[in-house]
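Please keep the 3D view open as you read.

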Amino acid sequence: MEIIVRPENMQRITTPELAQAFIDEQVDLIRKQVGNKKVLLALSGGVDSSVVAALLIRAIGKQLICVHVNHGLMRKGESENVLEVFRNQMDANLIYVDATDRFLNLLAGVAEPEQKRKIIGNEFINVFAEEARKEDGIAFLAQGTIYPDILESKGVKAHHNVGGLPDDLKKKFELVEPLALLFKDEVRVVGVELGLPAEMVYRQPFPGPGLGVRCLGAITRDRLHALREADAILREEFDACGLAGKVWQYFVAVPDFTSVGVRDGKRYMGWPAIIRAVNTTDAMTATIEEVPYAVLHKITARITAEVEGINRVLLDLTPKPVGTIEWE
Ligand code: XMP
């Protein structure tokens, strides 16, 4: 899509009315660009791809084909939520691919972080390309590229970068990038106006390789399961005490070593669950959220009682720098 106005002289979208005007304008532009052809979109469930999906559904309905690839590294309930919102509520044309086994088999025994990322990124492209080849008549590829992606001249984000598609597919598709002039806050205002649920629009950032970067070292299914359950408890408790709306990013990481503990009067070897809760505006630097001790005690009690394989809960107090936000 041709970029007509630069964001520097564009009115920023801060109100429902401005969001509605943006939506009306984009719906027109998308219909003109796409005509009666089909559009393919990799729908991760992140803010940007979800808002692009909702906008395209508004503009062209079932001419949009969404592909949700579950790489087995999603947080608890996340793929289910994508299906519920887009298939059940928005009646989207949605292909769901559970590729968990493919990803986890390829990752088995791989401990090096960059190699893990590469495997996940490549396999994502493979799965997506396979689905793309199965569909006839697709002429466009939609992407949730936003303005900061262009500013950082990264084009599109690491893992969801379908720009890595094989040449035959890349040549076949023209891009549709209706959010390319927006900043993240604006994408959120537009998402709310399109009727997306708040938890999807205000979702915390989540790396493309998902829990793969937080299940440290070589991923095993049992440790990944423990991580997912512990992370879900952290999110539940942050929701319950009001921290969820206040903290920029919070999650659990689980390293690949065990220590001795005791459970039911017996020696119990387990992994530690590491809690990280940080605030930032641009993710370049980050400070530590002061989580009340009562909340930490409750989270610790729940994780150690409810999650098989975890026998300690630790809190990471390291700002960025010197620690990065993620553990990997
Ligand atoms: P670090 O760990 O570098 O993370 O301090 C900075 C922010 O970037 C997020 N992150 C990612 N986001 N794809 C993304 O879209 C990725 O591959 C990725 N890796 C890290 C991280 O969660 C944090 O918010």
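Helix axes here are lines fitted to C-alpha atoms over the stretch in contact, and the angle between two of them runs from 0 to 180 degrees between their N-to-C directions. Bear in mind as you look that this is a predicted model.

With that in hand, find helix H4, residues 100-107, and helix H5, residues 113-134. Their axes lie 10 Å apart, and the two helices pack at an angle of about 150°. Angles over 145 degrees count as roughly antiparallel, and H4 and H5 are therefore roughly antiparallel to each other. The crossing in which H4 passes H5 is right-handed.

Now turn to a second pair: helix H2, which spans residues 47-60, and helix H8, which spans residues 184-193. Here the packing angle is about 45°, with 10 Å between the axes. That angle makes H2 oblique to H8. As for handedness, H2 passes H8 in a left-handed crossing.

Next, a few backbone details deserve a look. In the loop between helix H3 (78-89) and strand S3 (93-98) you will find aspartate 91. Aspartate 91 is not a glycine, yet its phi is positive, at about 55°. Alanine 283, another residue other than glycine, also has a positive phi, near 70°. Its place is in the loop between strand S8 (266-279) and strand S9 (287-288).

The peptide bond that leads from lysine 320 to proline 321 is cis, and its omega is near -15°. Proline 321 sits in the segment after strand S10 (310-315).

Lysine 320 also takes us to the ligand: one of its polar side-chain atoms lies 2.6 Å from a ligand oxygen atom. What does isoleucine 325 place 2.7 Å from an oxygen atom of the ligand? The atom in question is a backbone N or O atom of isoleucine 325. Glycine 208 contributes through its backbone too, with a polar atom 3.3 Å from a nitrogen atom of the ligand. On its own the ligand has 510 Å² of accessible area, and the protein covers 76% of that.

Stepping back to the whole shell, there are 13 residues around the ligand, and Arg117, Gln249, Lys320, Ile325 and Glu326 come nearest.

Terms used
Residues are numbered from 1 along each chain as its sequence is written. This is a predicted model: local features need pLDDT of at least 70, side-chain atom pairs count only at pLDDT 80 or more; totals for chains, interfaces and linings use all residues. Side-chain values use heavy atoms; hydrogens and water are left out. A residue is near a molecule or strand if one of its heavy atoms lies within 4 Å of it. A polar contact is a pair of N or O atoms within 3.5 Å; within protein, one must be able to donate a hydrogen and the other to accept it, and residues adjacent in sequence count only if both atoms are side-chain atoms. Accessible areas come from the Shrake-Rupley method with a 1.4 Å probe; for residues, only the protein chains shown count as cover. Helices (H or I, at least four residues) and strands (E, at least two) are DSSP runs, numbered from the N terminus. Angles under 35 degrees count as roughly parallel, over 145 as roughly antiparallel, 65 to 115 as roughly perpendicular and the rest as oblique. A crossing is left-handed if the near helix is turned anticlockwise from the far one by less than a right angle, and right-handed if clockwise.
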